[in-house]
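Q: I'd like to learn how to read chain contacts and cores in a model like this one. Can you walk me through it?

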Amino acid sequence: MDAVLFYVFAVLAVVNAVLVVAQRNPVYSAFCLIAVLCCLSAIYGLLGSPFIATLQIVVYAGAIMVLFLFVLMLLNVKREERSPGDGVRLKAAGFLLCAVLVAQAGAVLLRARPGGTGAAAYDASTRRMAEILFSPYFLYAFEATSVLILSAIVGAVVLAKKEL
Amino acid sequence: MDAPGFLQHALLLSLLLFGIGALGVFLRRNVITIFMCVELMLNAANLAFVAFSRAHGTLDGQVLVFFVMVVAAAEAAVGLAIVIALQRHRDTLDVDAFSLMRW
Amino acid sequence: MEGLTELQVELLAATVKVLLVVGVLLGLFSGMTYVERRLLAFMQFRLGPNRTGPLGLLQPVADGIKLFFKEELMPAAANRLAFLGAPVVAIATAFMAVAVIPYGPPFEAFGRRWQIQIADLDVGLLFLFAISSLGVYGIVMAGWAANNKWSLLGGLRSAAQMFSYELSLGLSFVGVILLAGSFRIADIVDRQAGGFWNWNAIVQFPAFLVYSIAACAEVSRTPFDLPEGESELVAGFHTEYSSMRFALLQMAEYVNMITVAVLATNLFLGGWHPGVPGLPAEGIPGFVWFSAKVGLILFVFIWLRGTLPRFRYDQLMSFGWKVLIPLAVLNILATAAVVALARR
């Protein structure tokens with residue numbers, strides 16, 4: 001049952017990802033990307049991480065993509081038109097480069113095998129995540145992200161203002 | 001998800017999504033669409049992290065996913081502010097128009 | 001139950017629960033439209049609908065028939081897919097939120113213990129936060145699809161209002177979660193057993209305040225109903241919708257309102273526990289206390305609508321970001337300090 005669901009969501013994710021790249025209208029691309037994010041969230045749930053699955057929806061699909069849609073709608077971005085520079089050679093070169101990239105990454109990644117304590121004693125509950133996140137190992141990174149977010153807020157406001 | 005082959009399948013999906021995102025970054029010309037393809041690549045990396053975390057039985061991968069999400073959010077905010085500033089400056093969102101620093 | 005495997009029993013139970021909850025919610029939705037119009041009328045010193053049927057009780061039926069037979073218009077330059085999909089997204093997210101909340105005490109039947117909750121998730125409250133984040137998309141799609149500048153502005157304003165107040169909504173949950181030590185809503189309700197002094201509305205009063213205001217703004221009820229105010233921006237994001245699609249958008253809004261009221265009851269007002277120790281909390285009496293509390297909150301929503309003027313948009317946004325979020329964060333700080341010290 002789990003495997004069937006995984007394949008369903010995987011196929012949906014790939015189809016929507018192709019649509020993100022292939023659509024001419026960026027707003028449609030944004031909606032397809034939201035669909036990809038939701039499929040990935042379901043896959044995280046299937047991989048046993050409920051916290052990351054809900055966080056994916058809250059942060060990515062619920063906040064970042066809303067920001068994208070706002071910018072697209074306020075800037076009234078139109079369909080992308082074909083330009084004379086878009087030749088077949090450019091597209092072929094792009095495909096080739098990506099294929100090389102994926103092949104190289106695949107050659108390394110697909111050799112991986114499950115290791116460590118294995119999937120048997122897997123406890124991905126929020127409590128366990130919190131214990132690790134607030135342990136001395138990750139605590140500094142956690143506090144640093146708050147500074148990162150603050151600087152991002154200030155930066156975004158300053159950049160987007162019309163007059164300072 | 002206890003089938004022994006799940007790591008391979010999840011990694012394959014991650015690779016596919018990463019490849020499609022990279023293709024989008026190469027081929028598209030609208031700045032915001034390129035940005036969305038970058039987000040797609042980030043998500044592919046997140047999927048790889050979660051799959052490995054599950055395969056090794058530790059939660060370190062998931063904590064990294066948490067941080068990747070935070071950084072992606074901050075990056076999206078600043079990036080889109082830059083896009084708004086670009087649009088205001090040049091009235092176009094075509095990447096080929098911003099070629100001042102090319103030789 | 002004999003003769004059925006565990007999986008089949010679960011599926012059957014889930015189907016029955018879904019039909020029950022959805023049916024009750026739809027009935028409640030049409031009942032609410034009637035009750036709201038009547039109560040608003042009484043508050044405004046007039047009678048409201050009292051002609052259709054005895055006491056006007058058939059008014060929702062008449063409204064339904066009218067909406068069903070109205071012509072469905074779609075602007076020529078509208079974006080077909082998004083125009084048709086927006087009400088679907090709105091109602092889908094509304095009902096997804098419905099699925100994880102308990103609607104009454106657990107009870108015994110057929111030798112098992114059942115909970116009136118379609119999906120009892122361990123991260124129930126976090127899931128609710130996620131679904132409310134997705135609820136923004138129905139509005140954004142509706143506003144954008146109609147190819148109408150008033151719709152777009154109304155949709156964007158409404159979406160901005162929704163996710164601004166979503167932050168304070170989520171932050172107000174955190175104090176409650178800290179006290180209960182779990183994301184499961186049933187656990188949070190059970191923490192409030194005993195006397196009414198255990199209720200989170202008293203123990204976590206600032207969080208209750210923040211939640212009430214943020215919930216009102218989340219569902220776009222007065223005084224936060226600027227995005228759909230009839231005299232502003234024509235009719236906001238649902239300007240171009242008519243007939244059944246409009247009915248779906250209204251249904252999504254009312255179901256959201258009921259969800260928020262039920263959530264307030266579960267998280268802050270003790271759920272199905274009576275405030276007086278000694279009275280039964282299970283079975284039918286528990287359900288009676290629960291329904292009474294939900295009814296009270298819905299009445300307060302209608303009361304607010306009849307009493308308060310609406311906020312201007314900039315007042316609304318500044319209040320959400322500059323007042324509610326700091327208040328919610330201070331509440332979290334105080335609660336976390338108390339919990340950490342008590343654990344010593």
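Q: Which pair of chains that touch has the most contacts?

A: Start with what counts: two residues are in contact if their C-beta atoms, placed from the backbone, lie within 7 Å. Here two pairs of chains touch, and the pair A and B has the most contacts. This is a predicted model, where local features need pLDDT of at least 70 and side-chain atom pairs count only at pLDDT 80 or more, while totals for chains, interfaces and linings use all residues. Residues are numbered from 1 along each chain as its sequence is written, and chains are lettered from A and ligands numbered from 1 in the order in which they are written.

Q: How many residues of chain B are in contact with chain A, and which elements supply them?

A: On the chain B side there are 62 residues, in contact with 73 residues of chain A. Helices are DSSP runs (H or I, at least four residues), numbered from the N terminus. Helix 1 (6–27), helix 2 (31–56) and helix 3 (60–90) of chain B each give two or more residues to that side, with helix 3 of chain B giving the largest share, 21 residues.

Q: What does chain C bring to chain A?

A: Chain C has 16 residues in contact with 13 residues of chain A. Helix 4 (124–145) and helix 5 (149–180) of chain C each supply at least two residues of that side, and the largest share, nine residues, is from helix 4 of chain C. By class, it's 14 nonpolar, one polar and one charged.

Q: How far apart are the nearest C-alpha atoms of chain B and chain C?

A: They're 15 Å apart, and these two chains do not touch.

Q: Which residues touch the most other members of the largest nonpolar core?

A: A nonpolar core is a set of buried Ala, Val, Leu, Ile, Met, Phe, Trp, Tyr and Cys residues joined through C-beta atoms within 7 Å, buried meaning 20 or more other C-beta atoms within 10 Å of the residue's own. The largest one has 177 residues, and Ile43(A) and Met65(A) touch the most other members. Its largest share, 17 residues, comes from helix 3 (residues 50–74) of chain A.

Q: What does Ile43(A) touch?

A: Leaving out residues up to four places away in sequence, Ile43(A) touches Phe6(A), Phe9(A), Ala10(A) and Leu47(B).

Terms used. Ala, Val, Leu, Ile, Met, Phe, Trp, Tyr, Cys and Pro count as nonpolar, Asp, Glu, Lys and Arg as charged, and the others, Gly among them, as polar. A residue is buried if 20 or more other C-beta atoms lie within 10 Å of its own, exposed if 12 or fewer, and partly exposed in between; C-beta atoms are placed from the backbone.
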